[in-house]
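I opened the model today to look up a few residues and the strands around them. My notes follow in the order I made them.

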Amino acid sequence: MSQTASKRPVFLTGEWRKLILVNYAVEPTILEKYLPAKTELDFWNGQTYISLVGFMFLRTKVLGLPAVFHREFPEVNLRFYVRRKVGGEWRRGVVFIKELVPKPVIALSANVLYGESYSTLPMRHAWGTAGGEELKVAYEWKTGSSWSKISARALPHPTPFLPGSEGEYFTEQPWGFTKISRKTTLEYAVEHPAWQVYPVKEYEIQVDGEGLYGKALAEVLKRQPKSVLVAEGSEILVRMWGMI
């Protein structure tokens with residue numbers, strides 16, 4: 001992040017906690033229609049990825065003001081990874097295909113204020129520990145009459161990720177890009193300390209995705225994931241960078 005970053009306005013603050021990241025290898029051609037202008041797909045170890053990510057959004061503030069009645073809520077998003085070259089350096093970040101939240105006002109505000117693709121669905125989550133021996137985290141959302149679910153059981157003590165590891169790649173993405181139109185992209189910066197990750201023991205994934213994501217992505221979400229991560233998360237802030 002450049003030295004001028006502190007001069008950029010802070011749009012959003014809060015905490016992202018107990019994240020589950022389910023990571024799938026995906027064909028680049030499937031992602032091309034979602035690619036924002038002036039960005040290109042980012043490859044890790046020669047492969048492009050999508051991630052289905054569930055977490056709790058806590059202590060939410062927008063423009064420094066508490067989000068009344070909606071400060072704490074679960075979110076599940078589907079995202080992929082891109083990069084943009086600026087001044088000889090790469091800005092690596094994410095593009096959201098779809099973001100799910102349980103409150104209509106959250107979805108409406110996000111869609112109107114910064115052009116994201118939020119939808120409102122019934123949602124629920126669960127955290128817990130079993131005798132101090134494992135951590136259980138689950139996020140669920142309802143489409144029609146069925147519930148989709150991502151859940152994991154992990155060892156209860158988080159550790160730092162290793163440099164160059166998949167934990168670093170999937171959690172350290174300091175930029176966000178939103179496709180506003182065919183030629184216009186909204187760029188923003190996401191700041192947080194390095195997250196620690198919990199060693200995953202088991203996971204369960206049940207996703208009915210065609211109605212939300214279309215047939216091609218739904219088929220990807222039926223595959224065996226490349227990896228499943230559980231991260232503790234942290235406080236975060238989002239700075240609006242502007243249109244590119």
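I started with lysine 226, which counts as exposed because its relative accessibility is 56%. My cut-offs are under 20% relative accessible area for buried, over 50% for exposed and partly exposed in between, with a 1.4 Å probe and protein chains only. I am working on a predicted model, where local features need pLDDT of at least 70, side-chain atom pairs count only at pLDDT 80 or more, and totals for chains, interfaces and linings use all residues. Residues are numbered from 1 along each chain as its sequence is written, and side-chain values use heavy atoms, with hydrogens and water left out.

I placed lysine 226 in the loop between α5 (215-220) and β16 (227-243). Helices (H or I, at least four residues) and strands (E, at least two) are DSSP runs, numbered from the N terminus. What does lysine 226 contact, leaving aside its neighbours within four places in sequence? I found Asn23, Tyr24, Ala25 and Tyr49. Contact here means heavy atoms within 4.5 Å. I also checked alanine 25 by C-alpha: 6.4 Å from lysine 226 in space, 201 residues apart in sequence.

Next I went to lysine 201, in strand β15 (residues 200-206). Lysine 201 has 43% relative accessibility, so I logged it as partly exposed. Its side chain makes a polar contact of 3.1 Å with the side chain of glutamate 134. For a polar contact I need a pair of N or O atoms within 3.5 Å; within protein, one must be able to donate a hydrogen and the other to accept it, and residues adjacent in sequence count only if both atoms are side-chain atoms. Beyond the neighbours within four places in sequence, lysine 201 touches Glu134, Arg153, Ala154 and Leu155. Leucine 135 lies 66 residues away in sequence and 9.6 Å away in space, C-alpha to C-alpha.

Then I turned to glutamate 187. Is glutamate 187 buried or exposed? It counts as buried, because its relative accessibility is 2%. I found glutamate 187 in strand β13 (residues 185-191). Its side chain joins that of arginine 91 in a polar contact of 3.1 Å. Apart from neighbours within four places in sequence, the contacts of glutamate 187 include Arg84, Arg91, Trp175, Gly176 and Trp241.

I looked at strand β6 (residues 89-101) next. Of its 13 residues, 10 are buried. I count two strands as paired if DSSP finds at least two bridges between them. Strand β5 (residues 73-86) runs antiparallel to β6, with 11 bridges. The two form a hairpin with 2 residues between them, and glycine 87 in the turn has a positive phi of about 55 degrees. Valine 86 is opposite glutamate 89 in β6.

β6 has parallel partners too. Strand β12 (residues 175-179) is joined to β6 by 2 bridges, and valine 94 has glycine 176 of β12 as its bridge partner. Strand β7 (residues 118-120) is joined to β6 by 3 bridges. There I noted valine 101 opposite threonine 120.

Last, the whole chain. I counted 5 helices and 16 strands. Buried residues are 51% of the 244. Of contacts between residues at least 6 apart in sequence, 68% join residues at least 24 apart. The chain exposes about 11800 Å², and carbon and sulfur atoms supply 53% of that. I took accessible areas by the Shrake-Rupley method with a 1.4 Å probe.
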